[in-house]
Amino acid sequence: MGTREELLDSLNEAVSIIQQLANIQQRLTNVRNQYQPSEPSTKRKRRISWLFIIIPALIISVAIDPQKGFFGSIGFVGLIVVIVAGYFVRKYYYQRKNAAIDEVNQALRVKEKGVIEDLQNVQATYQDRLASWYPENYCSVDAVQFFYDVVKNYRADNIKEAINLYETSLHQRRVENNQKQALQQQKLNNLLAVGNLVVQGAALNEMNRHNAVSESEMKKTNWTLDSIRSRLQ
């Protein structure tokens, strides 16, 4: 890697390998996100599932004889029978559902194993071709593509210069992101301020309206009193 052309060839290979690592890692994440938990998977779900036993028992007991109500229609023993039957129906339902979930998860485990094998193969290639010269802390598609571009465009002659330029670029991105966040926060504050002014203006208008109504009522009262006085004179 003594010449610029050799460095470009090596960086081009690094772009390919690191891109493969990123793609395989994304595939692995996608597969693992598809795993389904057994049902019912939480205490809350288990509690809710019991309602599907109790509620039908209540409905059946009342439907048989609405006047006798809950216990009177089917009796305590009948209620126990309904609950036990519901329990086995619930158990059978979740067994069938979990069997289907297990089948899906088993297929995902086979798929995951294949993706892990692909990942291990590319990791071995990375160790063989890149580990001796490529900086491990910059093992990302963004970084390696940046290194290749700056060397290709004669902005850097070696990895050290490329790293320095990349760190400068990262710093500029952070500054720009902070400025954008500050600008967005300022816009939000301005909107809140405008909203407060609108609320205050509406409250002031309502107060003025109330004062105007009160003044008008007072004038009417005064006029009525003056009219009464004039008639008494």
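Which helix is the place of Phe 88? Phe 88 sits in helix α3, which covers residues 69-129; helices here are DSSP runs of H or I with at least four residues, numbered from the N terminus. The model is a predicted one, so to speak: local features need pLDDT of at least 70, side-chain atom pairs count only at pLDDT 80 or more, and totals for chains, interfaces and linings use all residues. Residues are numbered from 1 along each chain as its sequence is written, and side-chain values use heavy atoms, with hydrogens and water left out.

Phe 88 also belongs to a nonpolar surface patch of about 270 Å², made together with Val 84 and Tyr 87. Such a patch takes residues with over 30% relative accessible area and no salt bridge, its nonpolar side chains (Val, Leu, Ile, Met, Phe, Trp, Tyr) being joined within 5 Å, while like charges are joined within 9 Å. The areas come from the Shrake-Rupley method with a 1.4 Å probe, and for residues only the protein chains shown count as cover.

Now to the inside. The largest nonpolar core has 33 residues, and Leu 11, Leu 130, Tyr 134 and Phe 147 touch the most other members. A core of this kind is a set of buried Ala, Val, Leu, Ile, Met, Phe, Trp, Tyr and Cys residues joined through side-chain atoms within 4.5 Å; buried means under 20% relative accessible area, exposed over 50%, and partly exposed in between (1.4 Å probe, protein chains only). At least two residues of this core come from each of α1 (4-33), α3, α4 (141-152) and α5 (159-232), with α1 giving the most, 11 residues. Leaving aside residues up to four places away in sequence, Leu 11 touches Trp 133, Tyr 134, Val 144, Phe 147, Tyr 148, Val 151 and Ile 159, a contact being heavy atoms within 4.5 Å.

Helix α4 has its own share of buried residues: Ala 143, Val 144, Phe 146, Phe 147, Tyr 148, Val 150 and Val 151. Just after α4 comes Tyr 154, in the loop between α4 and α5. Tyr 154 has a positive phi of about 60 degrees although it is not a glycine, and counts as exposed because its relative accessibility is 62%.

The structure holds four salt bridges, each being a side-chain nitrogen of Lys or Arg within 4 Å of a carboxyl oxygen of Asp or Glu. In one of them, Arg 129 pairs with Glu 13, the closest N and O atoms being 2.9 Å apart. That pair links distant parts of the chain, from Arg 129 in helix α3 to Glu 13 in helix α1, 116 residues apart. Arg 129 is partly exposed at 43% relative accessibility, and so is Glu 13 at 27%. Arg 129 also touches Ile 17.

Asp 118 and Arg 27 meet in a salt bridge too (3.2 Å, N to O), again linking α3 with α1, here across 91 residues. Asp 142 and Arg 173 form another, at 3.2 Å, N to O. Because Asp 142 lies in helix α4 and Arg 173 in helix α5, this pair ties together parts that are 31 residues apart in sequence.
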